Amino acid sequence: LNDKLNAVFSKLKKQVRIDDENINEALKQVRMALLEADVNFKVVKTFINNVREKALGEEVRKSLTPDQVFIKIVNDELVDILGGKDYKEAKIKLNSNPPTVIMMAGLQGSGKTTSAGKLANFFMKQSKSVLLVAGDIYRPAAIDQLETLGRQLGCDVYSDRESKDAVKIAKDALAHAKKTAKDILIIDTAGRLHIDENLMNEIVRTKEAVNPDEVLFVADAMTGQDAVNVAKSFNDMLDATGIILTKMDGDARGGAALSIKEVTGKPLKFIGTGEKLTEFEQFYPDRMASRILGMGDIVTLVERAQESIEEGDAEEMAAKMAKHGLDFEDMLKQFRMIKKMGSLDSIMRLIPGLGNMNMGEIDDRQFKKTEAIIFSMTLKERRNGKLLNANRKKRIARGSGTNVADVNRLVNQLNQMNKMMKQMKKKLGGSNKLNPAM
Ligand code: GDP
Ligand code: MG
């Protein structure tokens, strides 16, 4: 897919201006990329129209070629739909009069209970006290599941195995949370395989009974278009305040995110990226945009054409790397930044522990090689180096005109960087704060 897009973009490169003729082919490819990423077709249509309008007649700036302008417009439009550039983070509205009440809603298996635990963990890390409520009373196993999560987290769980009244449990739990001065109350609810009236009634009545600050709709990204329709029904009934998109670690390319956001008009707040309690991230429109298009690399190219990177960007990147570890995409970005900044020092000194690391000479030739190798990886491989088995390495070496030893060298380099990062994190006692003086 990336190859297809790249071909289109290089055709555009030779033009001086974007016009009706040369944009159509490019738009066709973008449309296909979006549909492949499981974006709702209505959303795709609106999207394509917006991009066409913005792109046509756009003056091509000196430093940017038409293909770069076009990609930038596509990317910006995606970011816009997903929440906008100014979107800093997915804030949960905290009630000035605690507890802040958060209610989970969604289909069975969408990840409500898991996400309730992840949210509890998220707040506990901020030294907030949390009470989890077992509102799924129909399956004893559901109560067990939440209690297990509670034990793992060291978080109190409110449950009543005798009760047949989920609304009353929620009310009682709220009273209990007030009495025990909890900061956050997270109510897990029952889900069914399909939307049914009794279930919706119960959730609506629970909502009325506890007047939550947040109603978070939990959607399984793997279910694609189904998730969109369900989200719309839930939102019509419940007026959700935000969305949690789970199972983003799967094959889903984020198309569901774009569609759900556009169809419900509600902000995406978190994404689930695995079964573990820590595999949970705040949602960022720009990251999701590049994930959807699978061309974060091209966007970086465009950015490179713009003015030189400011110190702030490097700092932000350093913080991100310290927090999540590096993948090949970060590596590519980092190499580009280094190249542009002209020296290793300027970026390395921002990252404690990396200052004394030998990354080897980064001359043009080597940089091109590195770039070629990373470009020959699929998006998944770039994000998860562990996927690189012997066959994949062979394919990558062939695709990039290098050999397996070169690929191995790059993999080792990434591993080494991550090892450093881990050591440094330990040194800092798990804090993400960077100390440039170190
Ligand atoms: P619920 O029925 O809505 O409460 O869903 P659960 O929280 O019980 O989750 C259903 C299944 O999805 C469980 O096996 C979870 O471990 C799994 N799950 C939940 N969130 C994620 C996620 O972000 N990634 C992955 N891979 N699995 C998840
Ligand atoms: Mg559950």
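Which residues of β1 are buried on one side, and which on the other? T100, I102 and M104 are buried on one side of β1, and V101, M103 and A105 on the other. Buried here denotes 20 or more other C-beta atoms, placed from the backbone, within 10 Å of the residue's own. The model is predicted: local features need pLDDT of at least 70, side-chain atom pairs count only at pLDDT 80 or more, and totals for chains, interfaces and linings use all residues. Residues are numbered from 1 along each chain as its sequence is written.

**The sheet**
- Eight strands form an open sheet with mixed pairing, in the order β3-β2-β4-β1-β5-β6-β7-β8.
- At the edges, β3 (156-158) and β8 (280-282) each pair on one side only.
- From one strand to the next, the twist averages 25 degrees.
- Strands are DSSP runs of E with at least two residues, and helices are runs of H or I with at least four, numbered from the N terminus; strands pair if DSSP finds at least two bridges between them.

**Strand β1**
- Six of the six residues of β1 are buried, so this strand is largely enclosed by the rest of the structure.
- Four bridges join β1 to β4 in the parallel sense, with V101 opposite L185.
- β1 also pairs with β5 in the parallel sense over four bridges, and M104 stands opposite L216.

**Strands β5 and β6**
- β5 (residues 214-220) and β6 (residues 242-246) run parallel and are joined by five bridges.
- The bridge partner of F217 in β6 is I243.

Notes
Chains lettered and ligands numbered in written order. Axes fitted to C-alpha atoms, helices over the stretch in contact; angles between N-to-C directions. Buried ≥ 20, exposed ≤ 12 C-beta atoms within 10 Å, placed from the backbone.
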